[in-house]
Amino acid sequence: MAGHGWQAGFNPHPASLRHRMLAQGLGGIMWFFIFYRARQDGGKLLGRHPWDAHGHGHDTSSSAAHH
């Protein structure tokens, strides 16, 4: 067979230190942003709505003049 030293398949070059550090930094920023948004909007994601928390229910006993 021709090319005894050649390997078939995907053979990527190792990443440089600069690229590894950039990947670590951007990955950390991404997770910080995800957790920050989960803290801010997590209730909406789980099905709770902002108007559920302030006590203004829309039951039939409340008057329409309240709003």
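Author: Met30, Trp31, Phe32, Phe33, Ile34, Phe35 and Tyr36 together make a nonpolar surface patch of about 810 Å², where patches consist of residues with over 30% relative accessible area and no salt bridge, like charges being joined within 9 Å and nonpolar side chains (Val, Leu, Ile, Met, Phe, Trp, Tyr) within 5 Å, and where accessible areas come from the Shrake-Rupley method with a 1.4 Å probe, only the protein chains shown counting as cover for residues. The model is predicted, with local features needing pLDDT of at least 70 and side-chain atom pairs counting only at pLDDT 80 or more, while totals for chains, interfaces and linings use all residues. Residues are numbered from 1 along each chain as its sequence is written, and side-chain values use heavy atoms, with hydrogens and water left out.

Tyrosine 36 lies in helix H1, residues 17–45 (helices, H or I of at least four residues, and strands, E of at least two, are DSSP runs numbered from the N terminus), and tyrosine 36 is partly exposed at 44% relative accessible area (buried is under 20%, exposed over 50%, partly exposed in between, with a 1.4 Å probe and protein chains only).

Also in H1, aspartate 41 and arginine 37 are four residues apart, about one helical turn, and they form a salt bridge whose closest N and O atoms are 2.3 Å apart (a side-chain nitrogen of Lys or Arg within 4 Å of a carboxyl oxygen of Asp or Glu). A search of the whole structure finds one salt bridge. Aspartate 41 is partly exposed at 22% relative accessibility, and arginine 37 is partly exposed at 40%.
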